[in-house]
Each structure stands twice: as C-alpha cells, then as structure tokens.
Amino acid sequence: LARVRAGHADVWCSLGQALHLGGRLDEALCVFDRALALNPSYAEAGIERCFVLGDLGRAREAYACFRPLLGMAPDGFAAVLALGVLGMRFGWRDDGLAQLRRAARLAPRCAFAACFLAAALEQAGDAKGASVERGRAAELLTLLPGAPAASIEPGFHGSWPAPGLARAHVQ
C-alpha cells in the first residue's frame, strides 16, 4: 500500500505504527520521517515519532520533538490524548497531566480518556481526583453496551502505551 500510495502521509504513518508495534523501531522512525516529509504538520505522525524516539532510549530528542507538537496544540481529541500519554510516559508529568485534563474536557463521555486521567492523577498523588475519574469511567462504560471491561484496567493505563497499542488494546 505504501508503494501504491507513496505520496500519502497517512499511509506512511499507519505503516510506522505497525512497525512500532512489531518492535521494529529503527524502521518505524524512518517511516515516520517519510510521513512528516510529506506533511510536516501531521501531528499524529509527529506524536508517534516521539514515542519511537523514547523507546529507542532517545528521550531528550523525543522531548525536543514533543515541545513543538504541544505548542501546535492540536484540538483533535486523539492528538491531545496522545500528547498527554507521551508526556506521562517519558516523565514530563506537568505537560502530560495538562493534556490529559484537556482530552477529558474535549471528550467528556469517553471512558478511555477518564481512565488515563485517573492514572495520571494517581501518579501525581491526587488519590481523590483519581477515584472520581475512575468512577466516571466506570459509569460511562455502563452506557456502552458491549464495552470491553479491559478498557478500564488501571495497570494498562498507568503503563502509558503508545497510541497505536492503545487502539489495539481497545479493539
């Protein structure tokens, strides 16, 4: 597909996500670079690239790439949630928590966002706030027939998975 639609950044981003999930980090990084060369403002590819850099042990470089993405402040829920998870995963807790709060405001009926916010609040030492968000997530899940119980696992959310892995977990 990447050969047939070589000029489409979204195809390269999807390929990079698959490589990242498969543990082929160096290849994933090159593919995300290709997506960003085609569309420099493609936030999802930039965010995923930051996760790969962090997983390669290049957290300082990931942070340098993260800051402009945060400054772009994309208003898309998925990008804001991913930026929050990225911040928490690599130790930028103030930025991460701010973005997760923002994601929860953008999608107040999303149990997944509430679970990530609860995990962040727990790590920040706000047990009461975490409890409130976990309760909100549980309540939201009751409104969704057939919602996977696994989508509210505290351990999963506190591990700060990359966005591609988080989507695979929910599906």
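Reader: How many salt bridges does the rule give?
Author: The rule asks for a side-chain nitrogen of Lys or Arg within 4 Å of a carboxyl oxygen of Asp or Glu. Keep in mind that this is a predicted model, where local features need pLDDT of at least 70, side-chain atom pairs count only at pLDDT 80 or more, and totals for chains, interfaces and linings use all residues. Residues are numbered from 1 along each chain as its sequence is written, and side-chain values use heavy atoms, with hydrogens and water left out. By that rule, the count of salt bridges is six.

Reader: Which residue forms a salt bridge with D55?
Author: The closest N and O atoms of this pair are 2.5 Å apart. The pair links distant parts of the chain, 34 residues apart: D55 sits in helix α3 (residues 43-55) and its partner in helix α5 (residues 77-89). Helices here are DSSP runs (H or I, at least four residues; strands are E, at least two), numbered from the N terminus. The partner of D55 is R89.

Reader: Is R89 buried or partly exposed?
Author: Buried means under 20% relative accessible area, exposed over 50%, and partly exposed in between, using a 1.4 Å probe and protein chains only. D55 has 31% and lands in the middle class. R89 has a relative accessible area of 27%, so the label is partly exposed.

Reader: Where do R134 and E122 lie, and how far apart are they in sequence?
Author: These two form a salt bridge, with the closest N and O atoms 3.3 Å apart. R134 lies in helix α8 (residues 127-142) and E122 in helix α7, so the pair ties together parts of the chain whose separation in sequence is 12 residues.

Reader: Which residues do the ring pairs link into a cluster?
Author: Rings of Phe, Tyr and Trp (its six-membered ring) pair if their centres lie within 6.5 Å; planes under 30 degrees apart count as stacked, over 60 as edge-to-face and the rest as tilted. The structure holds six aromatic pairs. The linked residues are F51, Y63, F66, F90 and W92.
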